[in-house]
Amino acid sequence: MENILQDIEKVLFTHEEIVEASKRIAKQIEEDYKDKEPVLICTLKGALPFMAELMKHIDIHVVTDFIDVSSYHGGTESTGTILIKKDVGMDIAGRDVIIVEDIVDTGRTLKALIENLLERKVASVTCASLLDKPEARIVDIEPDYIGLICPKAFVVGFGLDYEERYRNTPYVGVLKEEIYS
Ligand code: IMP
C-alpha cells in the first residue's frame, strides 16, 4: 500500500509544532484585537487547515470568511495582480481584517491581496501566515504574525500542495525530488 510519508524527504514541522505556533499566534491576535471583532479571511485552499487550527484557540469574537485568489504577473517582477476565483461573502468595508495564509513565498500574492482589500475600504488589514519563506521574498512585505520560518525549499502538507496532493497531512515536509522531477 502506498502511503504519503514515502514521498516525503524530510518532515520539517511536526503537527505538535504547528499546533504550538497556531496557539501562539492566537494569543497575539486576542491581545491585539481585544476590543474588536476581526474578520479572519482564509485563503483557499492552502490555508484551510491552519485557519481551522488557529481559530479554535482565539478566545474573542471573530467572524470568518474565505477567498480564493491566484496571483499572476506580467512583464515586471515587482508588481503582482490577483485573480479572484471566489470572493468573500460578506461586506468587509469598515472591518478589521486578518488574512490567514499558508505561506508567504515571493510575497506577490499577499501584497496584491492587501491592496485589493484596502480598495474595499477595510478599517485595517494584517496577515497571519503559518509559514514564512523570507529567503524567497521578491516584494517588500512581511506577515504580521508568523508561525514558523521555512527554508527555501518546496514544501507540502498541512494545506500546501503539489499538484493538489499532500494537503491532508498533519505535518509540513519537503517532497522527494523524484516526485516532481
Ligand atoms: P507568493 O505569491 O510567491 O508569496 O506565493 C504564495 C502562494 O504560493 C502560497 O499561498 C502557496 O499556495 C504557493 N506556494 C509558495 N511556496 C510554496 C511551497 O513551498 N509549497 C507549496 N505551495 C507554495
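The paragraphs below take up these topics in turn.

The model is predicted: local features need pLDDT of at least 70, side-chain atom pairs count only at pLDDT 80 or more, and totals for chains, interfaces and linings use all residues. Residues are numbered from 1 along each chain as its sequence is written, and side-chain values use heavy atoms, with hydrogens and water left out.

**Nonpolar cores**

A nonpolar core is a set of buried Ala, Val, Leu, Ile, Met, Phe, Trp, Tyr and Cys residues joined through side-chain atoms within 4.5 Å. Buried means under 20% relative accessible area, exposed over 50%, and partly exposed in between (1.4 Å probe, protein chains only). The largest such core has 29 residues, and Ile29, Phe50, Leu54, Leu131 and Val155 have the most contacts inside it. Among the elements that each supply at least two of its residues are helix 1 (15-32), helix 2 (48-55), strand 1 (8-13) and strand 6 (124-132); helices (H or I, at least four residues) and strands (E, at least two) are DSSP runs, numbered from the N terminus. Helix 1 gives the largest share, five residues. Leaving aside residues up to four places away in sequence, Val155 touches Leu12, Ile103, Leu131, Cys150, Leu160, Val172, Gly173 and Val174 (contact means heavy atoms within 4.5 Å). A second, separate core of 20 residues includes Val69, Val97, Ile99 and Ile141.

**Cysteines**

With a disulfide defined as a pair of cysteine sulfur atoms within 2.5 Å, the structure holds zero disulfides. Two cysteines are set out here.

**Aromatic rings**

Rings of Phe, Tyr and Trp (its six-membered ring) pair if their centres lie within 6.5 Å; planes under 30 degrees apart count as stacked, over 60 as edge-to-face and the rest as tilted. By this rule there are three aromatic pairs. The ring centres of Phe154 and Tyr162 are 6.1 Å apart and the planes stand at 80°, so this pair is edge-to-face. Phe154 is partly exposed, at 39% relative accessibility. Together, Phe154, Tyr162 and Tyr180 form one aromatic cluster.
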